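Subject: Structure handover

Hi,

Here is the structure I promised to pass on. Please open it and keep it in view while you read my notes.

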Amino acid sequence: MPDYIGAIDQGTTSSRFILFDRDGQIVFVDQREHEQITPQAGWVEHDAAEIWTRTREVINGALASSPAEASDVKAVGITNQRETTVVWDRATGEPIHHALVWQDTRTAPLVRELAGDRGVDRLRDAVGLPLSTYFSGPKIRWLLDNVDGAQERADNGELMFGNMDTWVLWNLTGGTGGGIHVTDVTNASRTMLMNLETLDWHEPSLELMGIPRSMLPEIRSSSEDYGEAQGTAIGGVPISGILGDQQAALFGQTCFDPGDAKNTYGTGSFLLVNTGEEIVHTESLLTSPGYKLGDRPATYVLEGSIAVTGALIQWLRDRLKIIPDAPAVEELARSVDDNGGVYFVPAFSGLFAPRWRDDARGVIVGLTAFANQGHIARAALEATAWQTREVVDAANAVADVPFTDLRVDGGMTANELLMQFQADVLGVPVIRPAVTETTALGAAYAAGLAVGFWSDQEELRERWAEDKRWEPEMDEAEREARYAQWNRAVERSLGWED
């Protein structure tokens, strides 16, 4: 049998296990969805126990449906939805509450309280992030404040925290029977609790949020042998890669040089630009480690995080019910020649980069009696492209050299109408790789490098191949006029939430 590298891809809506061959091609995959829990407006939760069950199922399912055995899998990497916060009991392994998902905005009053007179950027120089509902630190604080007895249990060392990478790894390596409580630099950076320079927990942040250090996992590199899997079909296989999902996509796209950039279109969309070993700060974008390979210095990124892109198409399907499935949005959008003057700003949980406005809410503007379902669908797709334009502009403002093209991945890249419009509004080519599952691929690459399955990053770079390229067709005058209309629409989304 050939040898493989496995990747656990624990995402916002589902978990997958994928086996990749030496060429970085997908060989076997299994995927299971998990429940989206929305107790009230702005609250988004996951059942962490269910996610661990789904993770076991996809691992066992992929191995059962393939001729591969555990001995054929040389290592496994983990990639995950970032910021989603789990706190669990050290002795029983039981979560004390549903996981608080990265989209959840219940911590908005707490964030304002933490900002105080010094503002949301009071920690940014050290941690690279503004105070926001997005990140894990305030979510931990909310759980300690709102679950009976949680603060006392945390102070007594009885509770553990992790984002989904840590939760999956701890369970996968034995759980209460000796599970490994670690995270990597990319996930640790998304808590607001890690110092970007030292790559260790930042004591002033812990003190500000009142979080005991004993809850926190050990911070390690993104590519090293953390320990062996237990109790699943991959028992005995080393777990040797961890990357938060967006950094994993950057790694899977082989964006290894300063200035390399990718945009991933998923539930939200995330633009990452490699800045090398330099830590670059700007108020409109986030600063995080992109990856750290073993003992080598960390590579850093600037990130433009967009909260709602693919989630808007799901909303059209599940709430408005104007499409039967996500792919159908393209046909509906093509039923009209343009957006009919309609703009859709999907600020369902506020706006992330580059505006960082928790008070924004979704708006549809420009409606006339002429507007129909096709115009709504087209405006929804265009919203993804316009939001991407905003973060690209923000990155270009601090980049040494403006973008000359954009590598893209994620489920929405199958939508050719969107990809063409994206090239049009950016004015640069948009390039889709041959393997679009770059998030899982990046985790596999990190794991494979750690065990010598692949020799170095240059070997990975040679495996990247272009699938399709979209060249811009819109003239600059039209592009800028329509962008101005988009910005007018965004202004109308602001200030809706007190």
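Below are my notes, from the whole chain down to single residues.

This is a predicted model: local features need pLDDT of at least 70, side-chain atom pairs count only at pLDDT 80 or more, and totals for chains, interfaces and linings use all residues. Residues are numbered from 1 along each chain as its sequence is written, and side-chain values use heavy atoms, with hydrogens and water left out.

**The whole chain**

The protein chain has 16 helices and 21 strands. Both are DSSP runs, numbered from the N terminus: helices are H or I with at least four residues, strands are E with at least two. The C-alpha trace spans about 65 × 55 × 45 Å along its principal axes.

Of the 498 residues, 62% are buried. Buried means under 20% relative accessible area, exposed means over 50%, and partly exposed is in between, with a 1.4 Å probe and protein chains only. The protein chain exposes about 18,000 Å², and carbon and sulfur atoms supply 45% of that. These areas come from the Shrake-Rupley method with a 1.4 Å probe; for residues, only the protein chains shown count as cover.

Now contacts, meaning heavy atoms within 4.5 Å. Take those between residues at least 6 apart in sequence: 72% of them join residues at least 24 apart.

Start with β14, residues 269-276. Eight of its eight residues are buried, so β14 is largely enclosed by the rest of the structure. Both faces are covered. One side has Ser 269, Leu 271, Val 273 and Thr 275. The other has Phe 270, Leu 272, Asn 274 and Gly 276.

Which strands pair with β14? Two strands pair if DSSP finds at least two bridges between them. β13 (residues 261-265) runs antiparallel to β14, with five bridges. β16 (residues 299-306) is also antiparallel to β14, with seven bridges. In β16, Tyr 300 is the bridge partner of Gly 276.

β13 and β14 form a hairpin, with three residues between them. Asn 263 stands opposite Leu 271, and Lys 262 stands opposite Leu 272.

β13 is enclosed too. Five of its five residues are buried, so the rest of the structure largely encloses β13. Ala 261, Asn 263 and Tyr 265 lie on one side, with Lys 262 and Thr 264 on the other. β13 also pairs with β19 (residues 406-409), this time in the parallel sense, over three bridges. There, Thr 264 has Asp 409 as its bridge partner.

Helix α13 covers residues 416-426. Ten of its eleven residues are buried, so α13 is largely enclosed by the rest of the structure. Among them are Leu 417, Phe 421 and Asp 424. What caps the N-terminal end of α13? Asn 415 does: a side-chain oxygen lies 3.3 Å from the backbone nitrogen of Leu 417. Just after the helix, Gly 427 takes a positive phi of about 75°.

Helix α2 (residues 108-115) has buried residues Ala 108, Leu 110, Val 111, Leu 114 and Ala 115. They cover an arc of only 155° around the axis, which puts them on the same side of α2. (The arc is that of the directions from the helix axis to the C-beta atoms.) The buried residues of α2 pack against α4 (136-146) and α8 (203-209). Just after α2, Gly 116 takes a positive phi of about 55°.

**Two single residues**

Arg 482 is in helix α16 (residues 476-491). Is Arg 482 buried or exposed? Arg 482 is buried, at 16% relative accessible area. Setting aside neighbours within four places in sequence, Arg 482 contacts Asn 339, Tyr 343, Glu 382, Trp 386, Phe 421 and Met 474.

Leu 320 lies in helix α10 (residues 310-320). Leu 320 counts as partly exposed, at 40% relative accessibility. Leu 320 and Gly 24 are 296 residues apart along the chain, and their C-alpha atoms are separated by 39 Å.

Best wishes

Methods: Polar contact = N/O pair within 3.5 Å; in protein donor to acceptor, adjacent residues only side chain to side chain.
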